[in-house]
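I opened this entry to keep track of what I looked up in the model.

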Amino acid sequence: MEALENLMSRRSPNKLAEPAPSKEALDKAMAAAVRAPDHGKLKPWRFIVIDSEARSAFGDVMARCLKRQQPDANDEMLKRELEKAFRAPTIVVAVARIQPQHPKIPEVEQLLAAGAATQNFWLALHAQGYGVYWKTGAAAYDAQVKRELGLAESDQIVGFMYVGTIAAPAPDAKRPEAEGFVERWTRPAA
Ligand SMILES: Cc1cc2nc3c(=O)[nH]c(=O)nc-3n(C[C@H](O)[C@H](O)[C@H](O)COP(=O)(O)O)c2cc1C
């Protein structure tokens, strides 16, 4: 797909299904991810792939998180949380591996680099015909979820990237126009 067309046509599909991206397609997406801009060459990104049966354990992690955060969550809510792990054949947890108090590179720049890598990852999968949802929610900011995923306290979860074959495309929607978000600056404000 032509590069600009790939950018302009990216959407979050309505529904994902099997098959998962081939190993080759996923490898290409990872290769694109790690070519993101990166101040100081810190490579502040990690990608954790969760697929097949591991999704069930991931669903448990998410359900336990919901229970911690909402102790009165009922069985129906917990079941729904568990099932979310199966809404795509593959989940890739995109992580910012932050070096706290780095002498030169502020943490926000490390987080931005990991965000750019995550967007590269999505666009590379889109270019290969696969669909992706980028999800966060309370679990992305939960210390115990990070521990259970094997992450350090200083790591930040950038997104739970659900990846698969598009079973139902995104509904038609008016896409944002750049007009209104762009200003031309000429001199300092008084
Ligand atoms: C950092 C980040 C976190 C997001 N978390 C969620 C989320 O938890 N749930 C959700 O429905 N959408 C979330 N989104 C937004 C969707 O991924 C999606 O991009 C948005 O709904 C716009 O739809 P589009 O991708 O079709 O343009 C998140 C986006 C970003 C950048």
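Before the strands, one term: I call two strands paired if DSSP finds at least two bridges between them. I also note that this is a predicted model.

**Entry 1: strand pairing**

I looked up E1 first. Strand E1 (residues 15–17) runs antiparallel to strand E5 (residues 155–168), and three bridges join them. Here alanine 17 sits opposite threonine 165 of E5.

Next I checked strand E3 (residues 90–97). E3 pairs with E5 over eight bridges, again in the antiparallel sense. I picked out alanine 94, whose bridge partner in E5 is glycine 159.

E4 and E5 are antiparallel and share five bridges. Tryptophan 134 has methionine 161 of E5 as its bridge partner.

**Entry 2: the whole chain**

I counted elements next. The protein chain has six helices and five strands. I read their order along the sequence as α-β-α-β-α-α-β-α-β-α-β. The C-alpha trace spans about 60 × 40 × 35 Å along its principal axes. Of the 190 residues, 28% count as buried. I also looked at contacts with a separation of 6 or more: 81% of them join residues 24 or more positions apart.

**Entry 3: around the ligand**

Which residues are around the ligand? I listed Arg11, Ser12, Tyr133, Trp134, Lys135, Thr136, Gly137, Gly159 and Ala170. Strand E4 (residues 131–135) gives the largest share of this shell, three residues. By type, I noted three nonpolar, four polar and two charged residues in the shell. Two of the names had already come up: Trp134 bridges to methionine 161, and Gly159 bridges to alanine 94.

**Entry 4: H2 against H5**

I then turned to a helix pair. Helix H2 (residues 23–33) packs on helix H5 (residues 107–127) at an angle of about 145°, and the axes are 7 Å apart. The crossing of H2 past H5 is right-handed. From H2, the contact uses Ala25, Lys28, Ala29, Met30, Ala32 and Ala33. From H5, it uses Ala117, Thr118, Asn120, Phe121, Ala124 and Leu125. I sorted these contact residues into nine nonpolar, two polar and one charged.

**Entry 5: tryptophan 45**

Is tryptophan 45 buried or exposed? I found tryptophan 45 in strand E2 (residues 45–51). It is buried, because 25 other C-beta atoms lie within 10 Å and the cut-off for buried is 20 or more. Leaving aside neighbours within four places in sequence, its contacts are Ala33, Val34, Val95, Ala96, Arg97, Ala113, Ala114 and Ala117. Among them, Ala33 and Ala117 also take part in the contact of H2 with H5. I checked valine 158 too: tryptophan 45 is 113 residues from it in sequence, but 9.2 Å away in space, C-alpha to C-alpha.

Last, I went through the backbone angles. Most residues other than glycine have a negative phi, and most peptide bonds are trans.

- The peptide bond from glutamate 18 to proline 19 is cis, with omega near -5°. Proline 19 is in the loop between E1 and H2.
- Lysine 41 has a positive phi of about 50°. It lies in the loop between H2 and E2. I count lysine 41 as exposed because it has 8 C-beta neighbours inside 10 Å.
- Serine 52 has a positive phi of about 45°. It sits in the loop between E2 and helix H3 (54–69). With 9 C-beta neighbours inside 10 Å, serine 52 is also exposed.

Conventions: Residues are numbered from 1 along each chain as its sequence is written. This is a predicted model: local features need pLDDT of at least 70, side-chain atom pairs count only at pLDDT 80 or more; totals for chains, interfaces and linings use all residues. A residue is near a molecule or strand if its C-beta atom, placed from the backbone, lies within 6 Å of it. Helices (H or I, at least four residues) and strands (E, at least two) are DSSP runs, numbered from the N terminus. Ala, Val, Leu, Ile, Met, Phe, Trp, Tyr, Cys and Pro count as nonpolar, Asp, Glu, Lys and Arg as charged, and the others, Gly among them, as polar. A residue is buried if 20 or more other C-beta atoms lie within 10 Å of its own, exposed if 12 or fewer, and partly exposed in between; C-beta atoms are placed from the backbone. Two residues are in contact if their C-beta atoms, placed from the backbone, lie within 7 Å. Axes are lines fitted to C-alpha atoms, for helices over the stretch in contact, and angles run from 0 to 180 degrees between N-to-C directions. A crossing is left-handed if the near helix is turned anticlockwise from the far one by less than a right angle, and right-handed if clockwise.
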